[in-house]
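Okay everyone, thanks for having me. Let me put the structure up on the screen, and then I'll walk you through it.

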Amino acid sequence: MNKNMFIKLVSAGAVMLIAVILLLLNVTVLAPERHKGEKTVALVIEYSDQTYEYRDLKTNAETVLELLKEYDKALELQLRTKPSQYGDMLIGLKNAEQNEAAGAYYTFTVGGEYATNGISTQPIDDGNEIKFSYGIATYDENWTQTSYTLAPSAGFVDSGVSGTYIAVWVCCGVGLAAGIGLLVYTLLDRKRKPKAQPKEEE
């Protein structure tokens, strides 16, 4: 084996090795979170301009807040809370924070019924749909709600799967294809080259 062919084979091996390392990184560190649990619930977040729906979420969370914290990263919830006398209070989701000046707040229902507790103490059961609505409520002099209007989100775009995760998969595919192609080309090129014939003695 000549030096040039050896370099080509080593290069092909190095490219494929790097691709395999990136592949392992993608299925471990960068892979989307996988959740397990005995409960299956749904999470809905609605604004006047868009609605996010997440179905078949697996969890063992006991409260709404535990569920939100568990899926904060995986669903890009951008959860923000602040302590209050009734426990943690939700003040932000999906880059949209409560706006006291405009009177825009989050309300939520569990199983179609308005929650009787805050997010830190509201229990959830298997099959529940937890629905958050971001809007402005108006009240009469007796503090009875007279109307409710959804407010717009802050323009957050749910990317779904991480862009880095997809990019690494693409790089893995290109790297493996390039390494295999170089390896095949080198081996075929070796077969095509005629062996040097020994000179006949005069």
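**A walk through the fold**

Let's begin with a hairpin: strands S3 and S4 make one, with 2 residues between them. Keep in mind that what you see is a predicted model. S3 covers residues 80–84, and it pairs with S4 in the antiparallel sense over 5 bridges. If you want a spot to look for, find Pro83, which stands opposite Asp88 in S4.

Now, the inside. Which residues of the largest nonpolar core touch the most other members? That core has 29 residues, and the ones with the most contacts to other members are Leu43, Val64, Leu77, Leu93, Ile130 and Phe132. Several elements give two or more residues to this core, among them helix H2 (64–70) and strands S1 (39–46), S4 (87–93) and S8 (129–139).

Let's zoom in on Leu43. Leaving out residues up to four places away in sequence, Leu43 touches Tyr52, Glu53, Tyr54, Leu57, Leu68, Leu75, Leu77, Ile130 and Phe132.

Next, charges. Side chains of opposite charge can pair when their charged atoms come close. How many salt bridges does the structure hold? There are 6 salt bridges. One of them joins the side chains of Lys39 and Glu62, at 3.9 Å from N to O. That pair links distant parts of the chain: Lys39 is in strand S1, Glu62 is in the loop between S2 and H2, and they are 23 residues apart. Is Lys39 buried or exposed? Lys39 counts as buried, because its relative accessible area is 14%, and the cut-off for buried is under 20%.

Then look at Arg55. Arg55 forms a salt bridge with Glu53, where the closest N and O atoms are 3.0 Å apart. Arg55 also meets Glu129 in a salt bridge, at 2.7 Å from N to O. Arg55 lies in strand S2 and Glu129 in strand S8, so this pair ties together parts that are 74 residues apart in sequence. Through shared partners, Glu53, Arg55 and Glu129 end up in one network. Arg55 is partly exposed, at 42% relative accessible area, and Glu129 is partly exposed too, at 27%.

Last stop, the surface. Phe6, Ile7 and Val10 form a nonpolar patch there, with about 280 Å² of accessible area together. Ile7 sits in helix H1, residues 3–28, and is partly exposed, with a relative accessible area of 43%.

Notes. Residues are numbered from 1 along each chain as its sequence is written. This is a predicted model: local features need pLDDT of at least 70, side-chain atom pairs count only at pLDDT 80 or more; totals for chains, interfaces and linings use all residues. Side-chain values use heavy atoms; hydrogens and water are left out. Patches are made of residues with over 30% relative accessible area and no salt bridge: like charges are joined within 9 Å, nonpolar side chains (Val, Leu, Ile, Met, Phe, Trp, Tyr) within 5 Å. Accessible areas come from the Shrake-Rupley method with a 1.4 Å probe; for residues, only the protein chains shown count as cover. A salt bridge is a side-chain nitrogen of Lys or Arg within 4 Å of a carboxyl oxygen of Asp or Glu. Helices (H or I, at least four residues) and strands (E, at least two) are DSSP runs, numbered from the N terminus. Buried means under 20% relative accessible area, exposed over 50%, partly exposed in between (1.4 Å probe, protein chains only). A nonpolar core is a set of buried Ala, Val, Leu, Ile, Met, Phe, Trp, Tyr and Cys residues joined through side-chain atoms within 4.5 Å. Contact means heavy atoms within 4.5 Å. Two strands pair if DSSP finds at least two bridges between them.
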